[in-house]
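Biologist: I am new to this model and would like to learn how its features are read, one at a time. Could you take me through them slowly, giving the general idea before each case?

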Amino acid sequence: MLKTLILSTTALAIGVSASAASDLSGMSWDDIVTQAKAEGELTWYVWYLQDDLRRAVKSFEDEYGIDVTIPEGTSAGNAEKLIAERNREVGDIDVFAWGYSDFETVDLAATFSPLKMLPADDGRVSELVGIDGGDFVLAYWGNQTGIAYDPAKVSADNLPQTPEEFAAFWSENPGKFGFNYEKGGSGPSFYQNTLRSLTGVDFSNGEISDGKLAKVEEGYGYFNDNAENYVVTASNADSIVRVSDGELWMVPAWEDHLAGLQKRGEVRSEIKFYIPEMGMNGGGNGIAIPNNAPHPAAAAVFVDWLTSADTQTMFNRDFGTAPMHAEADDSNALVPNDQRANRQPWAGQPFRKAVEESFIENVILER
């Protein structure tokens, strides 16, 4: 009898939680906040800077009395959990963070709850680098690749902007420019946008053809002919450390990664950053609420907080991100807004992977 009672109580609790997400659409925002405080907790699956983000959400916890748990995990591992649980009546994930382009790989309506319950706010961003999150995904973290440089060695008035100018810099300053081809996207952003500029191939289109790959390969001579004048680094982090130490003068980097390292005192604050006119990849990460979130009201309040102008201003100040709200203050960004016009979308898959494999075979292994 006791076992039956326990099972019945559990089933009732699951039923209430499972139906709560859809019930939010008929509630006022004040009532949603009240329910969120009653739920008292949520779990946010995000794969990077977990310790820093645990500190960043403290102000949310203090304001609403809602505890935020950020589990350890990788992007791939979190995504596998999301997919594995999506047919469960109640899952473990309240709020799910993912690269914005990754959301294109799933059926949004079948996986996530509409965010129509949030208060109206025209400043939020739901479309980023050509990807529309619709009612289901909002951007909360803007990132950008570009070039980090030591202003003591390279004048801000003479920064390379095109493939031809980078080649001239390499020739005039051999061994002072480096980029990674793996363990981070900044180096691939540099060489892929260089190839795009040299060949005119549309990298945003993920379709593969022999003719398209052959056209890209015409640009490999640029890198092979200049191989003695640039350095191949081990990773994003290795590139930044070597420019901070003075060994290298210029390297591709992530804006938010560089800003974070500088704020923690791990990289010299003097290092500067710019987006060359030829363009480098940028985008961001999005946030969504799974359909079977166990604490849907708390999740909604958290998403509202995370995508607000105030929080986006804080992220820009503390993490160096590009704000994902029109009214946020971006005065702490490493680049002025006019340079963001040089942002390019990431290469589409599976074309991007094919280019990376071809570049390694025909450029890196030929060094």
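Biologist: How many nonpolar, polar and charged residues does the lining of the largest cavity have?

Modeller: In the classes used here, Ala, Val, Leu, Ile, Met, Phe, Trp, Tyr, Cys and Pro count as nonpolar, Asp, Glu, Lys and Arg as charged, and the others, Gly among them, as polar. By these classes the lining of the largest cavity has four nonpolar, three polar and three charged residues. This is a predicted model, in which local features need pLDDT of at least 70 and side-chain atom pairs count only at pLDDT 80 or more, while totals for chains, interfaces and linings use all residues. Residues are numbered from 1 along each chain as its sequence is written, and side-chain values use heavy atoms, with hydrogens and water left out.

Biologist: Which residues line the largest cavity?

Modeller: On a 1 Å grid over the protein atoms alone, a cavity is a set of points where a 1.4 Å probe fits but cannot get out, whereas a pocket is an open set with protein on both sides within 12 Å along at least five of seven lines, and lining residues have an atom within 4 Å of a point. The largest cavity is lined by K81, L82, E85, R86, I93, A110, T111, P290, N291 and N292. Helix 5 (75-85) and helix 6 (108-111) are the elements that give two or more residues to this lining, and helix 5 provides the largest share, three residues. Helices here (H or I, at least four residues) and strands (E, at least two) are DSSP runs, numbered from the N terminus.

Biologist: What volume does the largest pocket have?

Modeller: A volume is the space filled by probe spheres set on the grid points, which are joined across faces, edges and corners. For the largest pocket it is about 1,300 Å³. Of the 46 residues that line this pocket, W47, G99, N143, W254 and N285 are the closest to its centre. The largest share of the lining, five residues, comes from helix 12, and the lining residues divide into 19 nonpolar, 16 polar and eleven charged.

Biologist: How is the aromatic pair of F166 and F177 described?

Modeller: A pair of aromatic rings is described by the distance of the centres and the angle of the planes. Rings of Phe, Tyr and Trp (its six-membered ring) pair if their centres lie within 6.5 Å, and planes under 30 degrees apart count as stacked, over 60 as edge-to-face and the rest as tilted. A search of the whole structure finds 37 aromatic pairs. In one of them, the ring centres of F166 and F177 are 5.7 Å apart and the planes stand at 70°, so this pair is edge-to-face. F166 lies in helix 7 (residues 163-172) and F177 in the loop between helix 7 and strand 7 (178-180), eleven residues apart.

Biologist: Are F166 and F177 buried or exposed?

Modeller: Buried means under 20% relative accessible area, exposed over 50%, and partly exposed in between (1.4 Å probe, protein chains only). F166 counts as buried because its relative accessibility is 0%, and F177 is likewise buried at 0%. W170 and Y222 form a tilted pair, 5.4 Å centre to centre with 55° between the planes. W170 lies in helix 7 and Y222 in helix 10 (residues 220-225), so the pair ties together parts that are 52 residues apart in sequence.
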